[in-house]
Amino acid sequence: MPRKVVQGPIRDKEKTKQKLLAAVGKILRVKGYSGLKVSKIAAVAGFDKKLIYEYFGSTDKLIDEYIKSQDYWSKFSPNIEEEVHAGKGKEALTQGILAQFESLKKNKELQKIILWELSESKPILKNILKQREEVGANLFENVTDPYFGEDATRFRAMLALIVSGVYYLNLFPAYNGTEFCGIDMRTNEGRAEIEKVIVDMIDFAYEKKSKQ
């Protein structure tokens, strides 16, 4: 017979936490970051606000956990040892950036978070930005910097332009328009062209280095 799932304090706590996290996402989609008040989050989740403090410690910690669950780079974890010996970071970076490009298109909550980061300076946002940089630093310092040597900073600069472009080219059509440099970013064809160029730019940097 199938095992019966029994309700209990631990299971109920986890369900409540997930509902509170979901409430943050719903408010972010509908009202934006200005709507993320403790009373509003509790009301949307259908719980007393004291549960936010009991389960998360504070509203900021609840929002921080939600942001981490949505942020692409917080979950980016390439096999550093494998990249050192085989990929030199090329495959991990290429696939990671392409996956982020697609993920940001679909994730409206993450789009709101990026806009929030650009418009306000808050400890909760600085924390997630720091974590993103730490993820990238692990790959850069252990894999790409040793490979590119004196060109390491230039390679990082190229990636900075690519990643910032990934952000902007997803936010632009979502809020203000469709075409950028004559490319329709709301079509599969337009997005495919951007993806090809991302691959070409990273390939070019590695090919150039291999010939030196």
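Predicted model: local features only at pLDDT ≥ 70, side-chain atom pairs only at ≥ 80, totals over all residues.
**Stop 1: Arg29 and Glu109**

Arg29 sits in helix H1 and Glu109 in helix H7 (residues 108–119), so the pair ties together parts that are 80 residues apart in sequence.

Now show the surface. Is Glu109 buried or exposed? Glu109 is buried, at a relative accessible area of 13%. The cut-off for buried is under 20%. Arg29 has 41% relative accessibility and counts as partly exposed.

Why might such side chains pair at all? Side chains of opposite charge can pair when their charged atoms come close.

**Stop 2: the two domains**

The domain assignment gives domain 1 as 9–66 and domain 2 as 71–211. Their C-alpha centres are 30 Å apart.

How many salt bridges are counted between domain 1 and domain 2? The count is one. The side chains of Glu109 and Arg29 meet in a salt bridge, at 2.3 Å from N to O. Next, look at the domain 1 side that touches domain 2. Helix H1 (9–30) and helix H4 (59–70) are the elements that give two or more residues to it. H4 gives the most, with four residues. By type, this side of domain 1 has five nonpolar residues, one polar and three charged.

Nine residues of domain 1 are in contact with nine residues of domain 2. The buried area between the domains is about 920 Å². Carbon and sulfur atoms give 67% of that area. Polar contacts between the two domains come to three residue pairs, with both residues at pLDDT 80 or more.

**Stop 3: Lys68 and Asp64 in helix H4**

Stay on helix H4 and select Lys68 and Asp64. Their side chains meet in a salt bridge, at 3.3 Å from N to O. The two residues are four apart in helix H4, so about one helical turn separates them.

Asp64 is buried, with a relative accessible area of 12%. Lys68 is partly exposed, at 33% relative accessibility.

**Stop 4: Asp145 and Arg156**

Move on to Asp145 and Arg156. Here the side chains form a salt bridge at 2.6 Å, N to O. The pair links distant parts of the chain, with Asp145 in helix H8 (residues 123–148) and Arg156 in helix H9 (residues 152–175), 11 residues apart. Arg156 is partly exposed, with a relative accessible area of 31%.

**Stop 5: Cys181 in its loop**

Clear the selection and pick Cys181. This residue lies in the loop between strand S1 (179–180) and strand S2 (183–184). Check the backbone here. Cys181 is not a glycine, yet its phi is positive, about 55 degrees. Cys181 counts as exposed, at 73% relative accessibility.

**Stop 6: Asn188 and Asn79**

Follow the chain to Asn188, in helix H10 (residues 188–211). Asn188 is exposed, at 58% relative accessibility. How far apart are Asn188 and Asn79 in space? They are 30 Å apart in space and 109 residues apart in sequence.

**Stop 7: the whole chain**

Zoom out and switch to cartoon. The protein chain has 10 helices and two strands. Trace the cartoon along the sequence and the pattern reads α-α-α-α-α-α-α-α-α-β-β-α. Along the principal axes, the C-alpha atoms fill a box of roughly 65 × 45 × 40 Å.

Of the 212 residues in the chain, 40% are buried. Among contacts with a separation of 6 or more, 65% come from residues 24 or more positions apart.

Technical notes: Residues numbered from 1 in each chain as written. Heavy atoms only, no water. Domains from an automatic or database assignment. Contact = heavy atoms within 4.5 Å. Buried area = accessible area lost by both parts, 1.4 Å probe. Salt bridge = Lys/Arg side-chain N within 4 Å of Asp/Glu carboxyl O. Polar contact = N/O pair within 3.5 Å; in protein donor to acceptor, adjacent residues only side chain to side chain. Nonpolar A, V, L, I, M, F, W, Y, C, P; charged D, E, K, R; others polar. Buried < 20%, exposed > 50% of the residue type's maximum accessible area, 1.4 Å probe, protein only.
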